[in-house]
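Please read the points below alongside the model. They are meant for someone who has not looked at this structure before.

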Amino acid sequence: MARFTTGVTIVTTSTPNGPAGMTASAVASVSLDPLMLLVCVGNTLATRDAISTSGVFAVSVLAKGQEGHALRFASRVDDKFAGLGLRADHDLPVVEGAVAHFACTVSEEIAGGDHTIFIGEVVSCGYSEDSSPLVYFGGKFGSLCDPSSHAELAYEWQLAASM
């Protein structure tokens, strides 16, 4: 699966003991009507129990430059949220500067091997047009290329090859 390029997200929820969250690449669209998505959460993670108990979660799609957030939420540090900018306009923790975000209510919880698949109905979402997503491939972070720069390079290469 390391050879499958994915987006990088932080999945969060709120609990009476404070927020919980983790880095996830196993996130996918399920339905457009109603708008639903799924997240896969390891059964040994505290975030799994927190989402199951709260019945809600948010997905923040990370932007290029937010690799540090992804690494922090993939670790087992005590306070993953320390110093993290969160959007103030949501009841759930949503990462500030994310490319997109989705707030969901859990509609189904399905056992999937060593993970739990949470299907969430999206109750609110939003996106930023001015940011580029963070991607993950082969154990490394990356970003999308600007297609216009590829077209310019292809033109210059063809021009040089024809001389």
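1. Pro34 sits in the loop that runs between strand E4 (27-32) and strand E5 (35-42). The peptide bond joining Asp33 to Pro34 is cis, with omega of about 5°. Most peptide bonds are trans. As the model is a predicted one, this bond is a feature of the prediction.

2. The largest pocket has a volume of about 380 Å³. Its lining is made up of 17 residues. Those that lie nearest the centre of the pocket are Gly21, Ala46, Thr47, Ser75 and Lys80.

3. Which elements each supply at least two residues of the lining of the largest pocket? They are strand E3 (18-24), helix H1 (46-54) and helix H2 (67-74). Strand E3 gives the most, with five residues.

4. By residue type, the lining of the largest pocket holds nine nonpolar residues, together with four polar and four charged ones.

5. Helix H2, which contributes to the pocket lining, also contains Leu71. Is Leu71 buried or exposed? The relative accessible area of Leu71 is 52%, and Leu71 counts as exposed because the cut-off for that class is over 50%.

6. Leu71 also takes part in a nonpolar surface patch, where the other members are Tyr136 and Phe141. The area of this patch is about 260 Å².

How values were computed
Residues are numbered from 1 along each chain as its sequence is written. This is a predicted model: local features need pLDDT of at least 70, side-chain atom pairs count only at pLDDT 80 or more; totals for chains, interfaces and linings use all residues. Side-chain values use heavy atoms; hydrogens and water are left out. On a 1 Å grid over the protein atoms alone, a cavity is a set of points where a 1.4 Å probe fits but cannot get out, and a pocket is an open set with protein on both sides within 12 Å along at least five of seven lines; lining residues have an atom within 4 Å of a point. Grid points are joined across faces, edges and corners, and a volume is the space filled by probe spheres set on the points. Helices (H or I, at least four residues) and strands (E, at least two) are DSSP runs, numbered from the N terminus. Ala, Val, Leu, Ile, Met, Phe, Trp, Tyr, Cys and Pro count as nonpolar, Asp, Glu, Lys and Arg as charged, and the others, Gly among them, as polar. Patches are made of residues with over 30% relative accessible area and no salt bridge: like charges are joined within 9 Å, nonpolar side chains (Val, Leu, Ile, Met, Phe, Trp, Tyr) within 5 Å. Accessible areas come from the Shrake-Rupley method with a 1.4 Å probe; for residues, only the protein chains shown count as cover. A salt bridge is a side-chain nitrogen of Lys or Arg within 4 Å of a carboxyl oxygen of Asp or Glu. Buried means under 20% relative accessible area, exposed over 50%, partly exposed in between (1.4 Å probe, protein chains only).
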